[in-house]
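This report describes selected packing and pairing arrangements in a protein model. Please consult the sequence and the structure while reading.

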Amino acid sequence: MTDIRYVAPSTLEEAVGAFAAASGAARILAGGTDLLVQMRNGVVKPGTIIDIKKIAEMTAIEELPDGRIRIGAAVPGVVLAEHPRFGKAWPGVLEAINLIGSKQVQGRASPGGNLCNGSPAGDSVPAMIAAGAVVTVQGPGGRREMPVEAVPAGPGRTNLAPGEIVVAFTLPARPKGSGDAYLRMIPRTEMDIAVVGCGVSLTMAGGVVTAARVGLGAVAPTVLLVEDAAKALIGSRLDDAALEAAAAACRAACKPINDKRGTIAYRIKVAGVLLKRTAAIAAARAGGN
Amino acid sequence: MNDMTNKWIGARTIRPDGADKVTGRAQYSADTTMPGMIWGKLLRSPHAHARIRSIDTSKAEALPGVKAVVTQKDIVEFALDKSVMLGIQDMRWMCRNVMAREKALFHGHPIAAVAAISEEVAAHACSLIEVDYEVLPHVIEIEDAIKPDAPILHEWNQFEGKPSNIAGTMVLKAGDIEKGFAEADIVVERTFTTRPVHQGYIEPHACTVSYAADGRVTIWSSSQGQFMVRAMTSLLTGIPQSNIRAIPAEIGGGFGAKTIIYLEPVAVMLSKKSGRPVKMVMTREEVQRATGPAPGSLSTVKIGAKKDGTIVAAQGTFYLQAGGLPGSPLRGPVGCSFAAYAIPNVLSVGYDVVSNRSKVAAYRAPGAPHGAFAAECVIDEIAQALGLDPLDMRLKNSAKAGDKAIYGPTFGAVTFKETIEAIKHHPHYRAPLDKAPRPGVKRGRGVASGFWYNAGGESSVQVNITEDGNVVVTTGHPDVGGSRASIANVVAELIGVDHARVNVMIGDTQTIGFSNLTGGSRVTFASAMVATAATEKVIGQLKERAAKIWGIEAEAVKWEDGMALPAGDNAGKFPPLSLKELAAKANEMGGPIGNQTQLNTTGADPGYATHCVDVEVDVDLGIVRVLRYTAAQDVGRALHPGYVEGQIQGGVVQGIGWALSEEYLYDAKGRVDNASFLDYRMPVCSDVPMIEPIMIEIPNPKHPQGVRGVGEAPIVPPLAAIANAVHDALGKRFYALPMSPPRVSARMDEAN
């Protein structure tokens, strides 16, 4: 049986070096809640495992002077939940991250892993897209930034270049009157995978939406940024017509499959339903801020 | 010995297996290891249906670390033309289920097995086995399997003179069905489908087996009957039962499915060939693909009633999936669907349908929920059409003492009405229900009833008084639902000692007499009966010893509160002799004190249950949630109420999963597509409310404590109760389970 090499570098440069040197035979280990399961099921057989949790930047939560918040890609869900201010600024992102797995999994699972796993049903991804989060990526060619929605390439695949590692998510500064929310449809009440996930972030002034972003998960090969839904909301008072237009935009954006978790017709319908419900929660939160 | 003043019978005593289980010390199937032990793995069919032309194991055998390879040649063959039964299992099918012979009949069917120095080497060796398959067209669903041009699984099987996938039928009748329908004022006929559902035990199948140099075999495995493990392994390996010691491990759930074996004979042959102890542990995926489940069903029920609700005729046609080999539980729907009702004209017919799925196994009241789903929904529809309260309709039609049951016997006391009345007068049934509490949300309430035969059968027990005056009871039944705690309560009560002084153990096959399976809601009934008989004999011995010490007649001694006393003034005046004092003198006064009793028990009267449920439907998403659930059941006498409640709650929760979320999904190649607990959606804790059990204690007169089986009746009503509640909420009837969100949503979008 083949041996697996495990390395736990303390700097990003070492990690990138090891990752690039393994030329595709390595996997990054953050919480491991996807990787270890995939290894056990024989889906992946990495030659090298690179544990990035020993790299300080990967597990740091930083509040930048301009109001932005930077989250290390390997920060586990419970650490974010315990942060005194993150959940106040981004309740929708936090609730999405805290939907990943059970209590035990929460202690390990990270938003970086959720994104890089490439699942169209990853819960944190639609919320991050709605938030307008930007990821910092480091690879053999240096550092670059890309919007979250540019990372997924298809089920199990990302647009990261060989040797590149997601380092952090940076969430923008929050104007007054902002709120976000994430809802997913699962048949059970927990311990399940999203049939549809919907993240909405709104900024409102005087009851009118001034900015909006909508992320939609599990309805296409990648999590989607639905710009038409956002457009339908911006400038509206979230009246029924605007919500229905945004819901229609969500339905139109869906390119789902029939699978064991849901049918095409059901997923398309649910995308519209969740848009309306998620927007209502985000608006209520925006009103309170 | 059965009244409410009992000290231990009916007490919620600490469970004897509790401390071990919560501290992780309990020994389950996979926990046994031995020096020199190696690992066994199965090669499973990658095809849903294929003829096996040849199997070449030479490359696997040549792999370093491989110690033995087993194929169907190593398992005893039972010829197709001669049935050999072990209980309800036909060994012709069992030998082909543990290892495919002529054909691979489902994706995951075992083809060969390897034992090697590690699981990894064994798995690698399996991949080196070359099997020449002739892939055949497969068929999964009942509707397809009974079509005239369906792929035939077993060419030798004929139905109505032609090769067929219908492998068996069962017919029960009463009266004249046509005449009955002619007398009816209303006739409702509906067709229902249910999907196969897995028993969902948390512990996967596993065993450790040692075939010793002298030919004696020891098997450590969990099951619902170590004697079944021994007998079936003996039949499939040719090793006499006297040389097979089957030691029952703690069981992590069985729900019926561990009444047959999958691994043990294979592991025995691997151990025999390798000369090493062999351990085999299934993965969850293997459990989901190749063990269990309960069958899916296609049922048509037609019921005719008078305007006043009197049912005059009932007809049921039940197709059940058998899986790849014959043997679905037809007696469940055929016998139980109408059994609780006094219906003069009945025709109940079952068809056993094979298809390319794993062979079904027993699951809690096998087949009865399928039939009750159909019958109880039709009764609800008739009650609604006639403007009758659905409970009153059931009350009106309840069978009564002296009625002849459709399945043969004449009923003694029928306690069905008591369960209906319990629901009718319960605050739940009378509580107002806001049927539209919020926009997009609808609520509804439903009721349904259920019947299960219950059973007696063989049971053995040994009751020994220890030298220090305590009690050890050994039974022959694995404890899946609290039999140890219940027996401890009974024995403590009878002997009159503190419960903590009675230790109940489960014997292995070579240390206790034959005891039949833990299943059919029989074990607490049967084992309490034999334990009572044995304990009474032990008390007789204790009185004799006291009489001998006092020099009086044994009849002049009475036993009270754990002590021998002179029966009256005429017997003489002696200070009482305690159990401890008598035990201390046992050897000088005649030898050890103890008794083994073995009986084929009878008198297990049927179980009746009536349930009430409130559901809430998220109309836009199609999600049905259970808000409140109340389950009434005649439990005879609850020897240990906590366990009885647990049985009722467990049955209901499984029924909720069956009704709302659980189903096997297959891909186009006939492979199970959701072979994991993630996508095979059993309810989790947060999916279900507190299930309120109503234990109605009407003692069974044929049992010393009044026990009636309780484990199975509670899974019979939930499917229909929930479907009836969903109808109450939405105004639409659902004839297909599960009522999963996509199905409910699609139904809501249909034009009315």
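Contact means that heavy atoms lie within 4.5 Å. The model discussed here is predicted.

**A tryptophan in chain B**

B:Trp220 lies in strand E14 (residues 217-221) of chain B. Is B:Trp220 buried, partly exposed or exposed? Its relative accessibility is 22%, and B:Trp220 therefore counts as partly exposed. When neighbours within four places in sequence are left aside, the contacts of B:Trp220 are B:Ser29, B:Thr32, B:Met34, B:Ala206, B:Cys207, B:Thr208, B:Ser210 and B:Ile247. The C-alpha atoms of B:Trp220 and B:Ile251 are 11 Å apart in space, while 31 residues separate the two in sequence.

**Two helices in chain B**

Helix H7 (residues 226-237) of chain B packs with helix H8 (residues 264-274) of chain B; the angle is about 55 degrees and the axes are 9 Å apart. H7(B) and H8(B) are therefore oblique to each other. Their crossing is right-handed. On the side of H7(B), the residues that meet the partner are B:Val229, B:Thr233, B:Leu236 and B:Thr237, and on the side of H8(B) they are B:Glu264, B:Pro265, B:Val268 and B:Met269. Of the residues in this contact, five are nonpolar, two polar and one charged.

**Two open sheets**

Strands of a sheet pair through backbone hydrogen bonds, in either a parallel or an antiparallel manner. The table presents one strand pair from each of two sheets.

| Strand pair | Sense | Bridges |
|---|---|---|
| E24(B) and E25 (residues 563-566) of chain B | antiparallel | four bridges |
| E11(A) and E12 (residues 196-205) of chain A | antiparallel | eight bridges |

In chain B, three strands form an open antiparallel sheet in the order E24-E25-E26. Strands E24 (557-560) and E26 (577-578) of chain B each have a single partner strand, so one side of each has no neighbour in the sheet. B:Val557 has B:Pro566 in E25(B) as its bridge partner. Helix H16 (residues 523-550) of chain B packs on this sheet and touches E24, E25 and E26 of chain B, its direction making about 130 degrees with that of E24(B).

In chain A, four strands form an open antiparallel sheet in the order E11-E12-E13-E14. Strands E11 (178-185) and E14 (224-225) of chain A stand at the edges, each with a single partner strand, so one side of each is left without a neighbour in the sheet. A:Gly179 stands opposite A:Leu202 in E12(A). Helix H8 (residues 124-131) of chain A packs on the sheet, touching E11, E12, E13 (208-217) and E14 of chain A, and its direction makes about 150 degrees with that of E13(A). Helix H11 (residues 264-288) of chain A lies across E11, E12 and E13 of chain A and runs at about 150 degrees to E11(A).

Methods
Residues numbered from 1 in each chain as written. Chains lettered and ligands numbered in written order. Predicted model: local features only at pLDDT ≥ 70, side-chain atom pairs only at ≥ 80, totals over all residues. Heavy atoms only, no water. Axes fitted to C-alpha atoms, helices over the stretch in contact; angles between N-to-C directions. Parallel < 35°, antiparallel > 145°, perpendicular 65-115°, else oblique. Left-handed = near helix turned anticlockwise from the far one by under 90°. Nonpolar A, V, L, I, M, F, W, Y, C, P; charged D, E, K, R; others polar. Pairing = 2+ DSSP bridges. Buried < 20%, exposed > 50% of the residue type's maximum accessible area, 1.4 Å probe, protein only.
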